[in-house]
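Visitor: I am new to this structure. Please take one part, the contact between the two chains, and go through it closely.

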Amino acid sequence: MGREKEKEKPSEKALNLLRSRLSDPNFIFRPLSDSPDSNYSKLKFIISTSVTEACNNSILLLGPHGSGKVAVLELVLSDLLQQYPEAISVIRLNGLLHSDDNCALKEIARQLCMEHQLLFSKVASFDDNSQFMIAMLRECGLAHKTIIFVLDEFDFFAQGKQRLLYSLLDAMQSVNSQAVVIGVSCRLDVDQLLEKRVRSRFSHRKLLFLSPSKEDTERFMEHILSLPMDSSLPHNYAAEFNGRLKKILSDERFKELIDTYLSFNFTIGHLVRFLFQAVSYMDLNAGFLSLGNLKTALSSNQRQLKLESIRDCSVLELYMMVCMKRLEVKEQTSYNFYSVMTEYKSIHDSFQTSDYYAANVCLRAFEHLLQCQLISFIDNKGHNQSVEFRPVKLLISSAELHQGLKSYQQCPAILLKLMDR
Amino acid sequence: MATEESPQVTRRATRSYSASNTAIESTNLPESYKPTINDLGFRQQPLRLEDLLSSFPGRRSQILELLRLLGPLNSPMFPILVYGGPSTGKTSVTLQVFRHLNRPFIYSSCITCYSPRILFESILNQLLFHRKDSGHSYSSVKRCERPSDFVNYLREALENVLTNLKGNSGKVSSKMSGRPDGTMVYLVFDNLERIRDWDKSSTILPFLFNLNDILKMPEVGLIFISNTSPDTYYLNIGYVEPIPLYFPDYTEDDLRHIFMANQTNSRLYASFLDVVLRPFCRVTRQVDELAAAFSSLFKKYSEPLSDKEVAPNEEMKRRLFSHIRPHIASALNETFQVRSQPLLKAETNEETKKTNSSRMLGIREDFDKIDFHMSTSAKYLLISAFLASRNPATLDASLFDSTGVSDSRKRKRKASEKSMDQKEMAEQELLMKGPGTFPLERLLAIFQCITSLAEDSLDEEESHELTVEGGSRGLMSDVLLQLSSLCNANFIIKGGSCPLEGSTRYRTAVSEDLALKVARSLKFPLSKYLYRR
């Protein structure tokens, strides 16, 4: 174990570079935001006009998870902070964490205190915090400083009584303040969730974040996966890497692959995660990205989870599932462990199988099926009864079970025969 | 007395206190251990890749994939979800991979951290190098219940740790000093499926899966380990899912490799596995269940061999096989049980005269004794609860009238077709509904009837046994106290209260076999009181 640092191979450096690029939302969304009619420019225009013209504003950013709403917003905010360094202060709230009004106001007060170097008291009450917020809004309005409230997962704030939203929007209207409220949500109908009094104070501006077109996607992939020529990587290595990349991208099979993936997961976030996986599988010895890496990434995302669970079951567990299927066929809609055991015994009596085990072993198999979520209890309130008496239902369809049995190694033929009946 | 032993203790003290005091004064109490940043890494000898791969047979592709997804040093990563059946090696592979890579990580399991507060505080304790000890009365470094507080504290703690790590990375190579490598911190959450059963699971699960986006720190990597597949976590809120990494169950060959490791006599064990592995794999393929069954079976298998080190030839293998064969069928029907000590001795005595016990196909005749201790009144209470659940209430009067034993066998009428069908339907209904509920008063009434019967029958027998228990005086313990301990032990389940009456109802949770065993130990004729339709 000497002290010398191992010489980093160029492929390792390339891997590091690509991985850090793919994990950095700023890098990903900047090229997509270059055109003048993109969401980035619209958002920037709206916020900068509120800052310069000293007015209040509110806007909703809507789109599925991974379409870059918060990333574009952060790009806009960082640009504006560079442009107007003293005139903007940003408060960030998240619906998953701060949906409770007390919590949210405490967080607003804490962030305001941090920005303006004030002392924050943890024991301040809800009223104290809300008065503090209104006072700060007034002061900042007088000082021509805009406070931007970013409310992530906005639909969580719209649950319950919406006290926070109302007090925020009301303060914006009544007090002499300059504030912009930006709501970010994955629900496209989130403004329908707002109460009437909140909705009337909310401007109905919405920005939709949709998935980019096909050409944009291809251009994006090429941009993000190409190595830069002027970095610390050896020139010929980078050139060859980019050349091979171009060949892969224009390959028909690659286009098919990407189409398959994007038909299920159509946001940029999903695509980036897929590319990250493919890049991680890159073979460091060969040093170049290959189509095989992309195929492996695709197959790992397209697992058939229930089939895998069936393949992991033992033969006894398969028997139990087939018994339950037969009970369903016999139109017995609810069954529990003991009825499955009677069916199991009747199968054994009629077919003389060699797989007949005692009740405690079968109960252990039954509990294993419950754990894998191949079966589940019908209701969650039955804690009064022991496991053997609570009614259960199968969570896989008979087609899936059939397919699972066929792909099971050394599946007893009797089971397939029973399923076919 | 205290004053005699240590005359310098002038105030009054209990004996144990002064005894421990003298011990403390004589030796120096060792300083309580303060964790440092080196504890974030695995503090054992680092592992080479070949050793890592060879210590986990059958997991080569999973280990390599995990290494690739974690990536080279200081490279950011997307969250990973490691999933697979129980005892497939997920936790051990993940931890050993971190040992091989020598990178700092925080491990928390949702079994030991069974509520959000404990989970958050355990992570913060590890990041802030705080160990719970008696000096702080075992408190955590920060009280943290809500996710919002957790995120704030976590950010501060992570920034501290990361600056610490960055400072270290410029210094001496860490392989010499036992320090973990790199400037990234990894958070490992084990047994994620337990969170689904928590009260607050609908907020905690999306919070954990979105933690990467909330923190927005590329130097933090998240790894989730779960027993169930990702589709059990799909909730209403969508999020970009973590990268899945699947650990399939072991195949038979892998199981063979696993069990063959660390065996002293590998040829003997290999012939043993040839015999037992295939039939057992039809029942279960989990390593822990198989290991429990194999350890006792292997002892039986190698019993006839005088020399345990010998490698068996074909002739010996055949003999050993015929010796073990009857035991396999019975062992297949056992699940792992921890027996109490006296029964183990009884087992060795009984084995010498035990004949082939599989009269019924594959079902083993268990010992007639129950293998835990219960007081007599608790046993009677259990039996009364079983009868109360099993029999309908209207029969109580006829079964337990003042003359004691009554004949519950109805006069047999010739069973017609219709009544047979009705019987079947009634049996099915009984199976589906399970044992019925009963109020406390009925339980106590049956208990009194049974114990008064027992006293009468005991009085008729010789009374020398009673001197140990004190006769009827032995059954007068606090019945309600016994009832609550039976409820805690899950022999009786306490249900909700009936809305009309307002009293709680109970239900029995024991099987008929156990009730029969308990009754047999008391010499109580349970079958006479059981209602059979």
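Guide: A salt bridge is a side-chain nitrogen of Lys or Arg within 4 Å of a carboxyl oxygen of Asp or Glu. In this predicted model, K306(A) and D231(B) form such a salt bridge, and their closest N and O atoms are 3.8 Å apart. Between chain B and chain A the count is two salt bridges. Polar contacts are counted as well: 21 residue pairs between chain B and chain A, both residues at pLDDT 80 or more.

Several elements of chain B each supply at least two residues of the side that touches chain A. Among them are the helices α4 (60-70), α12 (266-283) and α18 (417-433), and the strands β5 (243-247) and β7 (492-497). The largest share of that side, six residues, comes from α7(B), the helix that spans 147-169. By residue type, the side of chain B that touches chain A divides into 36 nonpolar, 18 polar and 18 charged residues.

As for the extent of the contact, 72 residues come from chain B and 72 residues from chain A. The size of an interface is often given as the accessible area lost when the parts come together. Here chain B and chain A bury about 6000 Å² between them, and 55% of that area is on carbon and sulfur atoms. Of the area that chain B buries against chain A, 12% is supplied by F78(B), R282(B) and M432(B), more than by any other three residues.

Terms used: Residues are numbered from 1 along each chain as its sequence is written. Chains are lettered from A and ligands numbered from 1 in the order in which they are written. This is a predicted model: local features need pLDDT of at least 70, side-chain atom pairs count only at pLDDT 80 or more; totals for chains, interfaces and linings use all residues. Side-chain values use heavy atoms; hydrogens and water are left out. Contact means heavy atoms within 4.5 Å. Buried area is the accessible area (1.4 Å probe) that two parts lose on being put together, summed over both. A polar contact is a pair of N or O atoms within 3.5 Å; within protein, one must be able to donate a hydrogen and the other to accept it, and residues adjacent in sequence count only if both atoms are side-chain atoms. Helices (H or I, at least four residues) and strands (E, at least two) are DSSP runs, numbered from the N terminus. Ala, Val, Leu, Ile, Met, Phe, Trp, Tyr, Cys and Pro count as nonpolar, Asp, Glu, Lys and Arg as charged, and the others, Gly among them, as polar.
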